[in-house]
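These are my notebook entries on a structure that I examined part by part. I wrote down each item as I looked it up.

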There are 2 protein chains.
Amino acid sequence: MPYDLLKENIKKDVTVSELQLDVICNYFEPSSVSKNNMLLVQGQLCKFEGFVKNGCFRVYTIDKKGNENTLYFAAKGWWLMDLDSFMNHAPSVLNIQALEDSEVLLISKTDKELLYREVPVVERLFRIMSQKAIIAWQRRLVRNHCLTAKERYEHFVNTYPSIVSKLTDRQISSYLGITHEFLSKIKRKQLTEK
Amino acid sequence: MPYDLLKENIKKDVTVSELQLDVICNYFEPSSVSKNNMLLVQGQLCKFEGFVKNGCFRVYTIDKKGNENTLYFAAKGWWLMDLDSFMNHAPSVLNIQALEDSEVLLISKTDKELLYREVPVVERLFRIMSQKAIIAWQRRLVRNHCLTAKERYEHFVNTYPSIVSKLTDRQISSYLGITHEFLSKIKRKQLTEK
DNA sequence: CGCGACGTTGATTTGCCTCAACGATTGTGG
DNA sequence: CCACAATCGTTGAGGCAAATCAACGTCGCG
């Protein structure tokens, strides 16, 4: 029951037996993060990889000028981590914050390596997941380059309406790469047009 | 000999026997692309994944306004493909052009699946490669958001000097997401400052 | 209640784009 | 090999999208 969502998610990308699924799930430890609490703070080592069972997170970084830059949001069914820190044992550049009371399933780096060995198809699973992620990042770059801020905002709202409803305008603007003041002006223009 | 660079590249990410390396390499077919020729054109199906043995390529898309948008350059030792088209059997949105006379090693989608089965560690190889790519895409997004055009240009020149020397200013500007006129003005400013 | 974070609005500035013109370089066909 | 075309890099004038700065009312929360 507590692992149902994770199992569904895995079965979308690879074919696995129920037995394998159980072995995989046993490697993950449930954890709760209450609203506004941090799962990871810039400077720490990211020792986990996480799957969101419930709730919503924001993954962001703060640059030298103090501006927040949101890489992505992770709602129910999404994966979560600072891949750079996790893979390279480097201090994290990212912050991960719960936007509401949330539950995640965590796996440590050493357990992940054990899991790869015990259930080799997991290697395939993360290969496929990673490649899908690359496609998403490529598409986002192209959107950032050839769409205006207003078009990007509309695309985001249309694509992830359920996430948008959980976000403040400031969080949305930090994802789009614009200031919150300008986002406010975009929204006003939308209203007067309709 | 013709596969040495590929073998070196593989050994950086996974531990494999010489025998396995040979099996892997046998799946790849050498191919030559002469300067300015297209390895892939927008609208086609991307049926291959490629490794650059020699030369240099540009991967880009053309948007509705006719603007070219360069996703990345691939020089010797880099991988190359339209992942979206390759994975999802969808018509490609990307163009891949040789910037100089080049040689690549190509593998088809069906052969790739056979290779995964025959040499399972290849699954791990591409999992690791993909995750590294994700890290690179994330970093690029952050740079696009918090650096000015001038800073992005300097970062690019400092990070990939050997690639830059092969590129026209127009190609560089399409990678940075600015117009070539503005890049010209950036360069002039750099000169007068020093 | 009062404080801090939020969304809004306006005035001003700025980074970058657009358009147009020009000489320099490269490539190509006769 | 040259003539011509095409593409390139440069420069300027003007315009626009978005940032900056500052002020304000609102809301949730301790």
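**Entry 1: a helix pair in chain B.** I looked up how helix 6 of chain B packs with helix 8 of chain B, residues 169–176, in this predicted model. I noted an angle of about 115° between the two, with their axes 10 Å apart. I recorded the crossing of helix 6 of chain B and helix 8 of chain B as right-handed. I then listed the residues that make the contact: B:Ala149, B:Arg152, B:Tyr153 and B:Phe156 come from helix 6 of chain B, while B:Ile172, B:Tyr175 and B:Leu176 come from helix 8 of chain B. Sorted by class, the residues of this contact are 6 nonpolar, no polar and 1 charged.

**Entry 2: the surroundings of DNA strand C.** I asked which of the 16 residues around DNA strand C come nearest. They are A:Thr168, A:Asp169, A:Ser184, B:Ala149 and B:Phe182. I next looked for the elements that give two or more residues to the surface near DNA strand C, and found helix 8 and helix 9 (180–193) of chain A, together with helix 6 (149–159) and helix 9 (180–193) of chain B. Helix 9 of chain A gives the most to this surface, with 6 residues.

**Entry 3: helix 8 of chain A.** I returned to helix 8 of chain A and looked up its burial. Because 6 of its 8 residues are buried, helix 8 of chain A is largely enclosed by the rest of the structure. The buried residues are A:Gln171, A:Ile172, A:Ser173, A:Ser174, A:Tyr175 and A:Leu176. Just after this helix, I found that A:Gly177 takes a positive phi of about 80°.

**Entry 4: where the two chains touch.** I recorded 27 residues of chain B in contact with 27 residues of chain A. On the chain B side, the elements that give two or more residues are strand 5 (68–75), helix 3 (83–88) and helix 5 (121–146). Helix 5 of chain B provides the largest share of that side, 17 residues. The residues of the side of chain B that touches chain A divide into 12 nonpolar, 9 polar and 6 charged.

**Entry 5: A:Glu8.** I located A:Glu8 in helix 1 of chain A, residues 4–11.

Note on methods. Residues numbered from 1 in each chain as written. Chains lettered and ligands numbered in written order. Predicted model: local features only at pLDDT ≥ 70, side-chain atom pairs only at ≥ 80, totals over all residues. Near = placed C-beta within 6 Å. Helix = DSSP H or I, 4+ residues; strand = E, 2+ residues; numbered from the N terminus. Axes fitted to C-alpha atoms, helices over the stretch in contact; angles between N-to-C directions. Left-handed = near helix turned anticlockwise from the far one by under 90°. Contact = placed C-beta atoms within 7 Å. Nonpolar A, V, L, I, M, F, W, Y, C, P; charged D, E, K, R; others polar. Buried ≥ 20, exposed ≤ 12 C-beta atoms within 10 Å, placed from the backbone.
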